[in-house]
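Reader: Before I set up any calculation on this complex, I would like to go through its architecture with you step by step. Could we take the domains, the interface and a few individual residues in turn?

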Amino acid sequence: MAGMTLERKLAILSDAAKYDASCASSGTEKRDSRTGGIGSTEGAGICHAYTPDGRCVSLLKILMTNFCIFDCAYCVNRVSSNVERARFSVEEVVSLTLEFYRRNYIEGLFLSSGIIRSPDATMADMVRIAKTLRVEHGFKGYIHLKTIPDASAELLDEAGLYADRLSINIELPQDESIRELAPEKRPETIRTAMGRVHLTREASRDRSHKGTRPAKFAPAGQSTQMIVGADRANDAAILSTASRLYTGYGLKRVYYSAFSPIPDASSVLPLVKPPLMREHRLYQADWLMRFYGFEVDEIAGVAPSGNLDLDMDPKLAWALANRADFPLDVNRASREMLLRVPGFGTKTVNRILGARRHAVLRYDDLARLGAVMKKARAFVSVPGWSPKGLIDSADLRARFAPPAEQLQLI
Amino acid sequence: MPVVVLPDTGWREAWRDAARRLAAADVPPDEVAWDGVAGLFAPEPLPPAQPLTVPRAFVDLADTVLCHRDPERFALLYRLLHRLRHERGIMGNPADPLMARLEALAKSVRRDSHKMRAFVRFRELPGTDDAPRRRFAAWFEPEHFIVARNAPFFARRFADMDWTILTPDERADFIKGELSVGPGAPKPDLPEDASEALWTTYFTNIFNPARIKLDAMRSEMPVKYWKNMPETQAIPAMLADAERRVIQMRSAAATVAPARAAQISERYRSAMPKAPDRIDTLEQAGEAARHCTRCHLHCDATQTVWGEGPADARLMIVGEQPGDHEDLQGRPFVGPAGEILAEAMGKAGLAREEVWLTNAVKHFKFKPQMTARGGKRRLHQNPDRAEIDICKWWLDLEQRFIQPKLTLALGGTAAYALTGRKEGITRRRGKVEETEGGPVMLSWHPSYILRVPDVGAANEARAQLVEDLRLAARFVA
């Protein structure tokens with residue numbers, strides 16, 4: 001590796017980092033550099049670019065090294081892979097972060113790493129990078145550290161002092177799959193580490209007479225990622241694992257990552273086309289759980305297979321299976337029920353609640369308030385509009401589902 | 001008809017001044033020409049300035065909409081200002097067509113501002129001997145007049161460097177900590193910056209060729225901004241190469257692992273903690289329990305919560321199952337129920353350190369609950385008989401190794417686990433029952449005291465728990 005250029009290292013270690021879906025830089029404390037140093041965070045995240053895979057580039061997302069002693073079958077960096085290896089020095093990561101930041105390319109750093117020597121040794125190097133940025137350079141931008149689950153509690157505690165966000169990947173939705181595909185990882189230590197981050201974070205909040213203040217430890221909270229399609233778990237299992245992680249450890253986000261082909265793949269896992277639509281439906285379902293008051297069983301229980309309908313969004317699928325609850329009188333319905341109307345988002349519902357204090361809402365008003373009436377019209381009634389037979393018509397599903405793909409002769 | 005002529009610079013202030021005068025004089029919107037072109041008749045002078053109060057929300061909306069490029073913005077905002085005199089509530093009605101139109105303009109300005117914060121690309125300028133600060137400059141072409149609005153953001157962020165952002169309409173300079181905003185300029189020649197090549201290397205390699213989503217990219221990074229973003233020049237080549245790379249990944253046969261891989265895996269795996277082969281001691285039992293997969297509860301809970309206390313404790317106290325706190329910390333009775341128990345034990349003269357505390361079921365059983373208002377909780381669920389029976393294996397081991405003189409079962413689950421019968425705590429409490437595992441006494445579970453809605457009943461149960469703990473303490477003395 002001696003003599004490898006910085007550019008070559010960057011190519012290898014960003015290529016190795018792209019399988020982490022998260023690039024969020026939002027939701028941390030407010031800071032800026034008017035009193036010294038460089039950088040700011042103001043709540044909203046900023047995506048500085050988008051790659052042709054549609055993903056946002058907000059952070060410099062790199063691995064410290066892609067040398068790894070673990071052998072996770074789904075991972076390009078596993079010990080048994082022949083991928084080209086590289087390793088950044090602490091100074092290289094610090095300098096890349098600062099120079100990219102000064103040119104307004106990024107919001108900060110998302111640092112992950114393969115495990116070298118031992119979990120503790122790796123974690124200690126990562127913490128040193130974050131500490132150098134914060135303490136030596138007064139860096140006020142965003143730092144996300146991917147923590148190593150088996151690292152010591154002390155290192156985890158120190159990481160949270162410098163990082164805005166900590167994440168520990170659960171990797172797969174079911175314990176058996178983790179044990180099978182990632183034999184060096186232990187589901188119980190992953191969960192225990194998440195529990196520790198959660199408890200430490202809660203304890204770091206100053207209690208004041210006005211209520212709880214933002215946490216000082218990992219102020220942007222923790223997140224995790226699950227690979228979709230590498231094991232046989234159905235969507236019901238994936239979503240129920242997600243709901244346990246959200247409620248147990250106060251996670252900000254669970255990321256779903258469609259298993260996608262990697263260079264030098266393991267023979268254990270077949271390389272398939274990544275299930276991008278399935279991933280998309282899972283994100284929609286995740287949103288329904290977090291912001292719309294849906295339970296896992298309601299969303300994933302629509303189909304007996306426990307999988308989400310790929311042809312339509314999960315809220316529409318739920319509404320079609322629960323037509324007896326509709327049409328809904330938009331001028332009288334509760335917030336909870338309005339949130340269940342396909343084509344109504346949370347913002348639309350808030351606007352409806354505000355606007356109906358001033359006037360009785362009609363069909364055209366709903367479109368102005370941001371409702372997607374192509375979907376919503378079959379499920380709502382307002383003066384002058386009633387879906388009448390639409391809600392009961394047998395072909396209602398067909399109106400929404402895309403036409404079946406023609407089979408092709410080859 | 002009043003005709004307002006807005007100057008090339010300072011038109012925001014000029015609009016505010018004119019609008020304030022006109023609205024205070026109640027001049028109807030249809031009688032004002034905001035385009036600065038007088039009609040057939042000679043323009044009337046503006047009415048005199050008078051105080052005028054408007055809602056805060058209007059000020060914010062007007063400040064935003066004034067940055068829009070649409071020449072109609074002045075007339076639309078004045079229309080709203082005039083209506084506000086008679087319809088105070090209109091700001092809160094997003095369904096009103098005028099509000100909806102202005103909100104759409106504001107949204108476009110906010111989006112453009114956000115994109116400016118994202119897509120401005122600085123290049124470093126050569127340093128000067130007298131200025132120790134590093135110098136940077138950027139050329140940017142926004143859709144609206146947003147430089148003045150956005151400049152403070154860049155000043156807060158890039159406080160330790162000098163920088164200039166030039167656009168066709170406006171410019172912002174931040175020199176030695178002083179921010180100034182002025183008129184725009186034509187595109188300058190900025191020197192090459194070596195970091196752009198590294199940045200493009202990053203952009204090219206962070207892209208996953210197996211998941212092309214061009215529409216998502218174009219909707220979030222509209223093509224109109226591309227010309228000033230160096231990394232976008234790499235996009236055609238990235239796309240052209242993507243399919244070949246994916247096919248290559250799929251068709252490549254699995255390779256032979258590096259020679260040392262198996263050895264490294266073997267060494268790490270052999271050092272991983274695992275369940276002991278034999279259980280001859282209390283410690284081994286605890287270690288084995290940490291790996292328990294005898295029932296399905298281990299998948300959902302964080303970790304096994306084994307008992308704690310001295311190995312030769314004379315008294316063993318058994319609760320139902322770990323709760324939320326116990327599950328996260330991996331220790332029994334550390335949550336709200338634990339506090340009630342600790343208080344009762346204190347009153348009964350029992351110290352936590354002299355008792356073995358444990359639960360009938362060693363994993364937390366719960367149902368996740370999330371609400372539309374952001375609530376995230378784990379609701380406790382009672383373990384069923386099968387789960388209690390399976391976990392009895394561990395409780396038996398604890399009793400066998402500790403040999404307590406008495407085991408105190410708190411609540412129905414522990415009572416069932418230790419005596420085979422759940423019911424009748426009211427009648428059975430405070431009495432010693434002989435079982436295969438030794439003498440057992442029953443009492444209330446502290447979480448029952450927390451849960452029971454009637455204050456009188458809660459206080460009575462609390463007193464009885466103290467009473468039973470005293471009896472237990474005397475029994476083992």
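Reader: Into which domains is chain A divided?
Author: The model is predicted, and that should be kept in mind throughout. The centres of the two domains of chain A, taken over C-alpha atoms, are separated by 40 Å. The division of chain A gives domain 1 (6-205 + 213-274) and domain 2 (322-400).

Reader: Which cysteines does a disulfide join, and what is its handedness?
Author: The search of the whole structure finds one disulfide over all chains, and this disulfide joins Cys47(A) to Cys56(A) with an S to S distance of 2.5 Å. Because the torsion about the S-S bond of Cys47(A) and Cys56(A) is about -90°, the disulfide is left-handed.

Reader: How far is the sulfur of Cys292(B) from the closest cysteine sulfur?
Author: Cys292(B) is buried, with a relative accessible area of 13%. The closest cysteine sulfur to that of Cys292(B) belongs to Cys391(B), and the separation is too far for a bond, since a disulfide needs the sulfur atoms within 2.5 Å. The distance from the sulfur of Cys292(B) to that of Cys391(B) is 6.2 Å.

Reader: How much area do chain B and chain A bury between them?
Author: The contact takes 90 residues from chain B and 102 residues from chain A. Arg157(B), Arg211(B) and Met370(B) supply 10% of the area that chain B buries against chain A, more than any other three residues. Of the area buried between the two chains, 58% is on carbon and sulfur atoms, and the total is about 8200 Å².

Reader: Which residue of chain A meets Arg157(B) in a salt bridge?
Author: Across the interface of chain B and chain A there are eleven salt bridges, and 41 residue pairs are in polar contact. In one of these salt bridges, the N to O distance between the side chains is 2.5 Å, and the partner of Arg157(B) is Glu107(A).

Reader: Which helix gives the most to the side of chain B that touches chain A?
Author: The interface of chain B and chain A has eleven salt bridges by the rule applied. The element that gives the most to chain B's side, with nine residues (the helix spans residues 195-205), is helix α6 of chain B.

Reader: How many of the ten residues of helix α1 of chain A are buried?
Author: The buried residues of α1(A) are Lys9(A), Leu10(A), Ala11(A), Ile12(A), Leu13(A), Ser14(A) and Asp15(A). What covers them includes β3 (59-63) and α2 (90-102) of chain A, together with α6 and α8 (235-251) of chain B. Helix α1 (residues 6-15) of chain A is therefore largely enclosed by the rest of the structure, and the number of its ten residues that are buried is seven.

Reader: Is Val382(A) buried or exposed?
Author: Val382(A) is placed in the loop between β12 (380-381) and α15 (396-400) of chain A. Not counting residues up to four places away in sequence, Val382(A) touches Val330(A), Asn331(A), Leu361(A), Arg362(A), Tyr363(A) and Leu366(A). With a relative accessible area of 6%, which falls under the 20% cut-off, Val382(A) is buried.

Reader: How many salt bridges are there between domain 2 of chain B and domain 3 of chain B?
Author: The C-alpha centres of these two domains of chain B, domain 2 (120-183) and domain 3 (195-247), lie 27 Å apart, and the two domains bury about 690 Å² between them, 42% of it on carbon and sulfur atoms. Arg121(B), Glu141(B) and Glu143(B) supply 67% of the area that domain 2 of chain B buries against domain 3 of chain B, more than any other three residues. Arg121(B) also forms a salt bridge with Glu231(B), the closest N and O atoms being 2.7 Å apart. Between domain 2 and domain 3 of chain B, the count of salt bridges is four.

Reader: With which side chain does that of Asp173(B) make a polar contact of 2.8 Å?
Author: Asp173(B) is found in strand β4 (residues 170-175) of chain B and is buried, with a relative accessible area of 12%. The side chain of Asp173(B) makes a polar contact of 2.9 Å with the side chain of Arg171(B), whereas the polar contact of 2.8 Å joins Asp173(B) to the side chain of Thr164(B).

Notes
Residues are numbered from 1 along each chain as its sequence is written. Chains are lettered from A and ligands numbered from 1 in the order in which they are written. This is a predicted model: local features need pLDDT of at least 70, side-chain atom pairs count only at pLDDT 80 or more; totals for chains, interfaces and linings use all residues. Side-chain values use heavy atoms; hydrogens and water are left out. Domain bounds come from an automatic or database domain assignment. Buried means under 20% relative accessible area, exposed over 50%, partly exposed in between (1.4 Å probe, protein chains only). Contact means heavy atoms within 4.5 Å. Buried area is the accessible area (1.4 Å probe) that two parts lose on being put together, summed over both. A polar contact is a pair of N or O atoms within 3.5 Å; within protein, one must be able to donate a hydrogen and the other to accept it, and residues adjacent in sequence count only if both atoms are side-chain atoms. Helices (H or I, at least four residues) and strands (E, at least two) are DSSP runs, numbered from the N terminus.
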